Amino acid sequence: MKPAINWLLAILSGLLLVMIAPGPSLVFLAPFALTPLLISVADEVSGRRRFLLGWVAGIIQWGGMCHWIAGTLAMHGGMGPAVAGALFVGFSLVKGLHMGFYAWAVGPVFAARWAPLALALLWAGLERTHGELGFTWLLLGNAAADMGVPLRLAPFTGVYGISFCFALVGASLAAWYLRRERWQLAWCAVLIALYALPGLPEPRAGELTAIVAQPNFPEDQLPTDRRLHEAYSRLARLTLEEALRPQLGKADLLLWPEMPASLYYELDAKFREQTGSLARLSAAPFLFSTVRFDEKGNPYNTAQMLTANGDAAGTYDKMNLVPFGEFVPPVFNAFVDKVSQEAGTFQPGKAIQVFPTPGGKLGVFICYESVFAEHVREITRQGATVLVNLSNDGYFSSRAAQEQHLRIARMRAAENGRWLLRPTNDGISAVMDPAGRVVEQMEPEKLAVERMSYGVACPGELTPYTRYGDWFAWLALGLGLGLVAYCWRTYA
């Protein structure tokens with residue numbers, strides 16, 4: 001095959017991986033996204049060219065999928081467009097290395113008749129390493145959020161098993177095209193086993209009620225203390241009015257999201273009294289976002305829990321911080337002004353917290369932490385019967401990014417078989433059921449306080465994924481690397 005065609009095929013795979021993500025959301029393309037790249041690298045004997053083909057595909061994938069990063073850094077990071085653009089290009093180049101390694105490694109595998117299996121295992125295993133290597137986001141398997149049959153794997157293998165299935169289809173098609181052996185397509189028959197898995201939980205109405213606030217605070221300006229208190233007072237008034245509507249009955253939970261402009265529960269007596277009074281008058285537990293400081297003055301992005309009596313019931317400090325938002329690598333401190341008020345100085349929390357309430361045990365994770373499947377799984381394993389994701393997606397400066405983040409959260413609900421409540425600052429605020437279905441959703445970019453229904457799981461009802469974690473992903477990585485190494489040995 002001509003080199004120019006190989007480059008076009010690599011570019012096509014990068015574009016397909018972008019197109020399956022929101023906003024295009026052409027998820028039916030997910031099983032075929034890797035096929036063009038695999039065909040191109042199988043035709044290249046040069047390891048260097050294979051790496052470059054994969055690198056280009058990866059740059060297109062991450063640059064296209066996360067295009068909103070440039071706007072976020074420019075608008076909320078206190079940078080000029082040139083610096084933000086340069087950092088975004090650097091981000092895309094670094095994230096593309098994953099795909100470059102994959103393309104380089106799998107070249108010799110096509111000589112084996114079991115190539116599709118090895119290719120799919122290695123892909124699923126490498127996806128698990130994104131978080132450990134600095135940043136993870138939408139994975140190939142996230143495209144199955146609305147696909148009932150592939151999603152049956154989520155409670156067993158997490159998102160990585162679904163990625164394996166899509167990669168297996170793509171690799172089988174590539175092997176069939178290259179070897180002209182129809183039986184290569186038989187690998188896809190493994191997917192028939194998905195029909196033997198238990199079906200997803202049936203849709204049902206939630207028996208409990210949460211009052212969820214979506215403040216729609218502006219992200220591009222920090223208000224004065226007076227205006228900030230006025231805004232919070234207005235939100236408290238709207239929340240209380242909703243809680244005291246007699247025809248709708250008592251609420252089981254009050255939720256405010258992560259906010260762009262922080263108030264300090266421990267330091268601000270007025271705010272502390274206001275939130276305590278809101279919980280007491282509503283007769284409902286209250287969970288909201290704040291910033292707390294340790295004895296050394298280090299700030300933490302914190303979820304504060306109050307009882308229905310208005311008393312402090314514990315805190316959860318965010319453990320996985322946002323690069324360039326809450327955590328800034330020291331080398332970049334000169335370029336970053338503020339993505340949040342304490343940018344670059346937030347400290348990671350040290351422990352998961354599960355909050356007992358009359359409406360279930362709440363397992364809380366904050367915003368970007370939704371991308372870490374193993375973190376949400378551990379929260380559930382420690383007793384959470386309801387998941388809550390306090391978020392602020394306004395920094396994304398993109399509706400597509402908000403939809404991407406929602407899709408990621410939906411997979412966490414399906415993996416753990418839990419209802420998931422997701423209040424956000426300006427959208428997309430939603431409730432997901434244990435199958436990851438969005439059952440209620442607020443209109444984005446609008447101030448709103450609404451009642452949303454949710455359910456509670458039995459504490460002992462744990463999915464296999466919750467019990468055993470990323471067993472499949474790590475097994476896939478080990479087997480994939482082993483099979484590839486075997487092929488390299490015989491290739492050499």
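Axes here are lines fitted to C-alpha atoms, for helices over the stretch in contact, and the angle between two of them runs from 0 to 180 degrees between N-to-C directions. The model is predicted.

**Exercise 1.** Determine how helix 1 is oriented against helix 3, and which residues form their contact.

*Solution.* Start from the geometry: helix 1 (residues 3-19) packs against helix 3 (residues 47-65) at an angle of about 30°, and their axes lie 8 Å apart. Angles under 35 degrees count as roughly parallel, so helix 1 is roughly parallel to helix 3. The handedness of this crossing is right-handed.

**Exercise 2.** Classify the packing of helix 3 with helix 5, and describe the make-up of the contact.

*Solution.* Helix 3 and helix 5 (residues 81-106) pack at an angle of about 135°, with 6 Å between their axes. An angle over 145 degrees would count as roughly antiparallel, and 65 to 115 as roughly perpendicular; helix 3 and helix 5 are therefore oblique to each other. Their crossing is right-handed. From helix 3, the residues in contact include Arg-50, Phe-51, Trp-55 and Trp-62, and they face a set in helix 5 that includes Phe-88, Phe-91, Lys-95 and Trp-104. The class count for the contact of helix 3 with helix 5 is 13 nonpolar, eight polar and two charged residues.

How values were computed: Residues are numbered from 1 along each chain as its sequence is written. This is a predicted model: local features need pLDDT of at least 70, side-chain atom pairs count only at pLDDT 80 or more; totals for chains, interfaces and linings use all residues. Side-chain values use heavy atoms; hydrogens and water are left out. Helices (H or I, at least four residues) and strands (E, at least two) are DSSP runs, numbered from the N terminus. A crossing is left-handed if the near helix is turned anticlockwise from the far one by less than a right angle, and right-handed if clockwise. Contact means heavy atoms within 4.5 Å. Ala, Val, Leu, Ile, Met, Phe, Trp, Tyr, Cys and Pro count as nonpolar, Asp, Glu, Lys and Arg as charged, and the others, Gly among them, as polar.
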